[in-house]
Amino acid sequence: MQYFPECGGLALFAGTVRNHHNGKDVQSLKYTAYKPLAEKMIRQIEQEIEQKYGVSYVRVVHRIGHLNIGEVAIYAVARSDHRREAFAACEEAVERVKHEVPVWKEEFYTDGSSIFVEGCCIRTDFNGLPQNRFNHDASHLVFQHQQFQNQKTPQGTFHKIFPLTGQQQTQQQNKQAIQQKVTDE
């Protein structure tokens, strides 16, 4: 933790693994990511939030690997002159990382089953998002992908990496697609 004598506000957030999701008992989960791209995107988000809120410091760490109930999956910290900006910057940093950065979560349930959890889009160019940009209702994902599948975007072609075909793509397919995209660029 760096020293910021000008800052009176320090906001911290730690998101932990909970024992339930959508009515199922969760035993543990596993996060995976293509680290070079994920880390680059997180650093960009941090810089944008520092500028937007005029805060001195924003840092987000999203863990990958196998995590048990109660373990911390994501940490965020923001430092600013005042608490209001620190709280706002910390909250937006977490929301943006969870919704924009390609990190995949596989949940393991107590009944022995597992599933890759459908997260939110990592697309940032879609102007038809609901008022609450970070709506956790998966229905907006279906609409987004149906409306914009196969269209070019100014930021690139993430929508082609993550098409919604009615069947959930496997984690390995997604990782390979991103690795190919990074290689092609």
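**Close-ups of a predicted model**

**View 1. How H1 and H2 pack.** The crossing of H1 and H2 is right-handed, meaning that the near helix is turned clockwise from the far one by less than a right angle. This is a predicted model, in which local features need pLDDT of at least 70 and side-chain atom pairs count only at pLDDT 80 or more, while totals for chains, interfaces and linings use all residues. Residues are numbered from 1 along each chain as its sequence is written, and side-chain values use heavy atoms, with hydrogens and water left out. The axes of H1 and H2 come within 10 Å and cross at roughly 150 degrees; they are lines fitted to C-alpha atoms over the stretch in contact, with angles from 0 to 180 degrees between N-to-C directions. H1 and H2 are therefore roughly antiparallel, the label for angles over 145 degrees.

**View 2. Who touches whom between H1 and H2.** On the H1 side, look for residues including Met-41, Ile-45, Ile-49 and Tyr-53; H2 answers with, among them, Ala-89, Ala-93, Arg-96 and Val-97. Contact here is heavy atoms within 4.5 Å. The residues of this contact split into 9 nonpolar, no polar and 6 charged. Nonpolar takes in Ala, Val, Leu, Ile, Met, Phe, Trp, Tyr, Cys and Pro, charged is Asp, Glu, Lys and Arg, and the others, Gly among them, are polar.

**View 3. The largest nonpolar core.** This core has 22 residues, and Ile-49, Val-58, Val-60, Ala-89, Val-97 and Val-101 touch the most other members. Helix H1 (35-53), strand E4 (57-62), strand E6 (72-80) and helix H2 (83-100) each give two or more residues to it. Such a core is a set of buried Ala, Val, Leu, Ile, Met, Phe, Trp, Tyr and Cys residues joined through side-chain atoms within 4.5 Å. Leaving aside neighbours within four places in sequence, Ala-89 is in contact with Ile-49, Tyr-53, Val-55, Val-58 and Ala-78. Apart from this core lies another, of 5 residues, among them Val-17, Leu-29, Tyr-31 and Leu-67.

**View 4. Asn-22 in its loop.** Asn-22 sits between strand E2 (20-21) and strand E3 (24-33). Asn-22 isn't a glycine, yet has a positive phi of about 50 degrees. At 70% relative accessibility, Asn-22 counts as exposed; the cut-offs are under 20% relative accessible area for buried, over 50% for exposed and partly exposed in between (1.4 Å probe, protein chains only).

**View 5. The whole chain.** There are 5 helices and 8 strands, taken as DSSP runs (H or I, at least four residues; E, at least two) numbered from the N terminus. Of the 185 residues, 41% count as buried.

Key
Angles under 35 degrees count as roughly parallel, over 145 as roughly antiparallel, 65 to 115 as roughly perpendicular and the rest as oblique.
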